[in-house]
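Below are some points on the two interfaces that I looked at.

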Amino acid sequence: MTTTADSAPVKRRVRTGEGWGSYFSGGVIVLWCLLPFYWMMVVAFRDVSQTFNTTPWPTHLTLDNFVAALNTSGGNNLLRAVGNSLLVSAITTGIAVLLGVTVSYALARLNFKGKGFITGIILAASMFPGVALVTPLFQLFTDAGWIGTYQALIVPNISFALPLTIYTLTAFLHDLPWELEEAARVDGATRGQAFMKVILPLAAPAVFTTAILAFIATWNEYLLASQLSRPNVEPVTVAIARFAGDNPYIQPYAAIMAAGTIVTVPLVIMVLIFQRRIVAGLTAGGVKS
Amino acid sequence: MASITFDRVTLQYPGAERPSVSDLSLHIDDGEFLVLVGPSGCGKSTTLRMLAGLEQVSEGSILIDDTDVTEKDPKDRDIAMVFQNYALYPHMTVAENMGFALKLAKKPKAEIRERVEEAAELLDLTEFLDRKPKALSGGQRQRVAMGRAIVRSPQVFCMDEPLSNLDAKLRVQTRSHIAGLQRRLGVTTVYVTHDQVEAMTMGDRVAVLDKGELQQVDTPRVLYSRPANVFVAGFVGSPAMNLVETEADAQGRVSLGGIALEGRTVEPGQRVTVGVRPEHLRPAAEDGIEVEVDLVEELGSDAYVYGTADLEGSPLVVARAVGDEIPEKGSRLRLSAEADLLHLFDTDSGLRID
C-alpha cells in the first residue's frame with residue numbers, strides 16, 4: 001500500500017463503506033448456508049422431549065442424544081459407520097487425486113492424438129446421472145460377489161471423483177509457467193524429477209483443493225452406498241438414514257441430529273487442516289516471474 | 001569449455017508452412033560470446049532451445065566439442081540456461097534455486113553450499129540467499145537466474161533475452177556486467193536478443209537471423225561496415241541505414257544524388273539499392289541529395305534529422321547533425337557522403353555488391 005498521510009482518512013472511510021457492504025452480503029450467505037447446521041446442533045443438544053420446540057437459541061441442554069446416537073444396542077453402530085466412511089473416502093480421494101494428477105499432467109502438457117476425445121469422454125462421464133448406474137452396478141457387483149465389500153463403494157466413487165479432480169487440476173496445471181519445468185530439465189532433471197520437484201510443489205494448493213472436494217463428495221455419497229453396502233461396511237450417510245430408535249414407530253430425530261453433528265466433525269477438521277495447506281501453498285507460489 | 005557446431009540444422013514444426021530454422025550452419029569457438037539477433041519470429045530463440053535440447057531438431061546435427069548431442073536430453077548436455085522470465089523456482093530460496101542443479105547431480109552438501117556462496121558473492125547476492133524469489137526485485141531475480149547458471153560451471157551458457165524484463169538503465173548496467181562476467185569465466189555463451197544494440201555491444205561475434213535463415217555472422221565491426229545484404233544493412237545500426245533504390249546507367253555506373261560510386265560497376269540498367277548510414281551524411285554546399293527537413297530529434301550532443309529526399313520515389317532519409325549545424329524543421333538542405341562509405345546492394349537478391 002502506498003497510502004500517503006494526506007489521503008489515508010479518505011481511503012479509510014471508503015474502505016469501511018465497502019466493508020459494511022461485503023460484511024452484510026457475506027453474513028447473508030453464511031446464515032443461508034449455516035442455518036440448517038445450526039438447527040441440527042440446537043436439536044442435538046436439546047432434551048428429546050423438546051425436539052419440536054422452536055425457540056431459536058439453545059435451551060434444555062443435554063448430552064443424552066449423543067449417548068443415544070453412539071449406543072449400539074438398538075442395532076446402530078455409528079462409530080463403525082464413521083470408520084467405514086473415513087476408509088472409503090480416504091482411499092477414494094487418494095486414488096482419485098493420484099490418477100487425476102497424472103492424467104491432468106498429460107492433458108495439460110503433452111500433445112498426443114485423441115486428446116480432445118479423451119477430454120470429451122471425461123466430461124461426458126461427469127455428466128452421467130448416478131441414479132442410472134445403480135441397477136447395472138448392482139447387477140455387476142452381485143455377479144462379482146462384491147455387494148457388501150469396501151471396493152464396491154470405492155470403485156464407483158473413484159469414477160465419480162475423477163472427472164472433478166481431472167478438470168480442476170488440468171485447468172490449474174495449464175496455467176503454471178512451464179518454463180519452470182524446462183529450467184529444471186536444463187538443470188539436470190528428468191521429466192519425472194522436474195514434475196516431482198518443481199511442478200508438483202507448485203500445484204500443491206490445487207491438489208489439496210481437489211482432494212477436499214473429492215473427499216467431501218465421497219463422504220456425502222448416499223445413493224450408491226444405500227444399494228451396494230451391507231450394515232458392516234455401510235458409510236455414515238446410510239447408517240444415519242437407517243437409524244433406529246427404541247420405539248420402531250417413532251423416528252429418533254434428536255439422536256439423528258446428534259449423529260449428524262458427530263459425522264460433520266471429521267469433515268470440518270479435515271477442511272481446516274487442508275485449508276491451512278492451501279493458504280500456505282498459495283502464498284509460497286507467488287509465481288509472477 | 002567447449003565449442004559448438006550447428007551442422008545444417010533445420011527445424012520444422014508439424015503443420016507449419018515453412019521451417020522455423022532452416023539449414024543453419026554455424027561454428028562457435030571455445031570461450032566465444034556469440035549473439036543471435038533478429039526480429040521476432042526469426043528463429044533465434046528456437047535455435048537456442050535446440051541447443052539446450054528443449055526443441056527437437058528435424059534435420060541436421062548439433063555438436064558440442066565434437067560430441068553429437070542432437071538426440072540427447074537437456075540434462076545430459078551440460079548446458080545452463082538463463083530464461084527471459086528467469087524461471088526461478090518460486091518455492092525455493094535463492095540458495096536452493098542456485099544449488100538445485102548440483103543437488104540433482106548429487107554433489108555433497110558442503111560443496112553445494114561453498115559453490116553457491118561463491119557465486120552469490122560474485123553476483124552480490126549473499127544477503128538474499130535465504131529469501132524466496134518473490135521477495136526480490138527484477139534486477140535481483142535476474143542475477144539469481146545468472147547465478148543458477150554460473151554455479152554449475154557448465155560447458156555452455158544459453159541466454160534467452162535475459163535483460164528484456166529490466167528497465168532501461170538497469171539493462172545497460174547488467175549488459176556490461178554479463179559481458180564482463182562471461183570474459184572472466186570464459187564459458188562459451190550463446191545469447192539471444194532482438195535488440196541490435198545489445199548484440200553489437202556484447203558479442204564477440206553476432207549472427208543475424210531473419211525468417212529462420214542465417215543472414216550473416218561476423219564481428220560487430222564487420223556487420224556495421226560491410227553488411228552482407230540489405231536485411232543486415234537495415235537491421236544493424238541505429239537509426240537504421242538509409243536505403244535508396246535506384247538504377248544503374250547505360251554504362252553500369254551507379255550514382256546517388258551526384259555522388260558516384262566509383263569502382264563498382266554493375267549490369268547496365270540493373271536495379272540496385274544504395275545504402276548510407278545517417279552518421280555518414282554531411283551537409284554539403286553544392287552537390288549531394290536535396291532534402292526537405294520533416295523532423296529534428298535533438299539528443300543534446302547531436303541531433304537526428306528526418307527528411308524527404310528529392311530522389312526517385314521521394315524516399316525518407318535520416319541524417320545525424322552535430323553541433324551548430326542543426327537545421328530547422330521545414331528547411332531545405334543538401335546532404336552528401338563520401339563515396340567509400342556508401343553500400344551497394346542488388347535489389348533483386350538483396351546481396352552486397354563490392
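1. The model is predicted. Between chain A and chain B there are 3 salt bridges. One of the salt bridges pairs the side chain of Asp187(A) with that of Arg148(B), at 4.0 Å from N to O. With a cut-off of 4 Å for a salt bridge, the 4.0 Å given for Arg148(B) and Asp187(A) deserves a look in the coordinates.

2. By residue class, the chain A side that touches chain B has 10 nonpolar, 7 polar and 6 charged residues.

3. The extent of the chain A and chain B interface can be stated in two ways. By contact, 23 residues of chain A meet 25 residues of chain B. By area, about 2,100 Å² is buried between the two chains, and carbon and sulfur atoms give 61% of this. Which three residues supply more of the area that chain A buries against chain B than any other three? They are Glu179(A), Val186(A) and Asp187(A), with 31% of that area. Asp187(A) is also the residue whose side chain meets Arg148(B) in the salt bridge of point 1.

4. Within chain A, the division is into domain 1 (2-63) and domain 2 (65-283). Taken over C-alpha atoms, the centres of domain 1 and domain 2 of chain A are 30 Å apart. The contact between these domains involves 11 residues of domain 1 and 10 residues of domain 2.

5. Domain 1 and domain 2 of chain A bury about 850 Å² between them, with 72% of it on carbon and sulfur atoms. On the domain 1 side, the residues that lose the most area to domain 2 are Met40(A), Ala44(A) and Leu63(A), which together make up 55% of what that side buries.

6. How many salt bridges are counted between domain 1 and domain 2 of chain A? The count is 0. Polar contacts are present across this interface, in 6 residue pairs with both residues at pLDDT 80 or more. The domain 1 side that touches domain 2 of chain A consists of 9 nonpolar residues, 1 polar residue and 1 charged residue.

Technical notes. Residues numbered from 1 in each chain as written. Chains lettered and ligands numbered in written order. Predicted model: local features only at pLDDT ≥ 70, side-chain atom pairs only at ≥ 80, totals over all residues. Heavy atoms only, no water. Domains from an automatic or database assignment. Contact = heavy atoms within 4.5 Å. Buried area = accessible area lost by both parts, 1.4 Å probe. Polar contact = N/O pair within 3.5 Å; in protein donor to acceptor, adjacent residues only side chain to side chain. Nonpolar A, V, L, I, M, F, W, Y, C, P; charged D, E, K, R; others polar.
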